[in-house]
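Biologist: Please put up the model, and we will go through it by question and answer.

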Amino acid sequence: MAETGEEVSAEASGFSDLSDSEFLEYLDLEDTQESSASLSKPSPSSELPGKDGKLISLPKWKRRLDISSPMERFHLNYLYVTDLCTQDWCEQQMVYERDLPGFLAPEKAAVLDTGASIHLARELEVHDLVTIPINTKEDAWAVKFLNILSMIPILQSEGRIREFPVFGEVEGVLLVGVIDELHYTAKGELELAELKTRRRPMLPLEAQKKKDCFQVNLYKYIFDAMVQGKVTSASLIHHTKLCPDKPLGPSVLRHAQQGGFSVKSLGDLMELVFLSLTLSDLPVIDILKIEYIHQETATVLGTEIVAFEEKEVKGKLQHYMAYWMGHREPQGVDVEEAWKCRTCNYADICEWRKGGGMPSSILEPQAKKVK
């Protein structure tokens with residue numbers, strides 16, 4: 001399996017090299033409940049940090065948000081599955097994290113790093129990683145396409161692959177992600193296995209499980225569309241602004257030739273990928289499973305078999321994409337989940353809370369100590 005080098009920026013990489021589940025570690029419920037310390041929260045006064053680090057007044061900051069849709073405002077061509085999962089946790093918090101970055105607490109960053117290491121170790125059990133220098137976003141996406149082309153026959157012959165890229169248009173927006181593992185069961189069913197690492201040896205509560213279930217449902221929704229021929233190269237090019245006729249870099253071409261692929265451009269690779277997805281007899285995903293393990297001991301804490309709720313997934317996608325397309329304002333959590341606000345870094349400036357989204361007596365954040 002190929003891995004992109006450091007020569008390309010994160011914005012050009014096509015997919016994040018960090019898997020979705022690794023990225024979501026910092027939203028772990030155990031941290032939300034037990035942590036009594038965090039970085040300094042944005043001041044509830046009239047000044048907030050802007051994108052360039054300079055302070056801007058709150059009214060000016062708010063006016064900036066009203067100029068365009070979130071997709072345009074954040075300069076996004078597509079969304080990650082993790083974006084919708086954080087949105088499922090608290091949409092208003094997700095918006096503040098994008099507009100006011102830099103408030104990730106050190107202990108949460110450490111959890112993310114540990115989760116990344118565990119996922120990498122598991123991937124190395126079934127794949128060899130090869131670093132390929134890349135210079136353009138076309139090269140970066142080409143590496144992901146080469147990964148897909150190499151993984152499909154491995155899945156069909158050996159029955160197991162890890163870190164499989166997925167992408168597809170959903171409600172007019174391109175959604176991309178990385179599936180932890182796909183394998184065939186003894187009965188011949190295709191099972192998706194999602195790994196979740198836990199800092200403490202205990203299963204998450206229902207709010208965390210709900211977000212995890214939504215994540216694997218999204219994976220199945222996108223993967224099934226890919227193997228059923230519902231994802232097109234035209235849609236991918238439209239959203240990513242890729243140039244299919246642009247020649248690939250020498251390192252990418254060399255790796256493609258070593259894999260037996262005679263291609264010259266990204267368009268050549270895309271054609272092979274879409275043919276391979278639809279003509280290789282890949283089935284839709286039959287089983288969704290989440291496995292929770294303890295980070296320190298690697299002990300399996302438990303597994304969850306998740307039902308695919310297509311109607312619910314479609315409803316959530318329509319609701320969440322309406323925000324990204326600029327058809328509605330962001331929303332905070334319901335009253336039943338107001339406890340999330342007690343450890344939110346943005347509680348003091350939360351427009352949802354100030355606007356009466358829920359009773360302020362319930363949402364009053366606990367005092368935090370700054371280390």
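Biologist: At what angle do helix α8 and helix α11 pack?
Modeller: This is a predicted model. In it, helix α8 covers residues 137–158 and helix α11 covers residues 250–258. Their axes lie 10 Å apart, and the packing angle is about 15°.

Biologist: Are α8 and α11 roughly parallel or roughly antiparallel to each other?
Modeller: The angle between α8 and α11 is about 15°. Angles under 35 degrees count as roughly parallel. The two helices, α8 and α11, are therefore roughly parallel.

Biologist: Which residues of α11 make the contact with α8?
Modeller: From α8, the contact uses Asp 139, Ala 142, Val 143 and Leu 146. By class, the contact has 5 nonpolar, 1 polar and 1 charged residues. On the α11 side, the residues are Val 252, His 255 and Ala 256.

Biologist: Which residue in β10 stands opposite Ile 290?
Modeller: Strand β9 spans residues 287–294 and strand β10 spans residues 300–306. They run antiparallel and are joined by 6 bridges. Opposite Ile 290 stands Glu 304.

Biologist: Which residue in the turn between β9 and β10 has a positive phi?
Modeller: The two strands form a hairpin, with 5 residues between them. The positive phi is about 65°, and the residue is Ala 298.

Biologist: How many contacts beyond four places in sequence does the model have for residues 21–61?
Modeller: The mean pLDDT of the protein chain is 78, and 70% of its residues reach 70 or more. Over residues 21–61, however, pLDDT stays under 50. For that stretch the number of such contacts in the model is 124.

Notes. Residues are numbered from 1 along each chain as its sequence is written. This is a predicted model: local features need pLDDT of at least 70, side-chain atom pairs count only at pLDDT 80 or more; totals for chains, interfaces and linings use all residues. Side-chain values use heavy atoms; hydrogens and water are left out. Two strands pair if DSSP finds at least two bridges between them. Helices (H or I, at least four residues) and strands (E, at least two) are DSSP runs, numbered from the N terminus. Axes are lines fitted to C-alpha atoms, for helices over the stretch in contact, and angles run from 0 to 180 degrees between N-to-C directions. Angles under 35 degrees count as roughly parallel, over 145 as roughly antiparallel, 65 to 115 as roughly perpendicular and the rest as oblique. Contact means heavy atoms within 4.5 Å. Ala, Val, Leu, Ile, Met, Phe, Trp, Tyr, Cys and Pro count as nonpolar, Asp, Glu, Lys and Arg as charged, and the others, Gly among them, as polar. pLDDT is the predictor's confidence in each residue, from 0 to 100.
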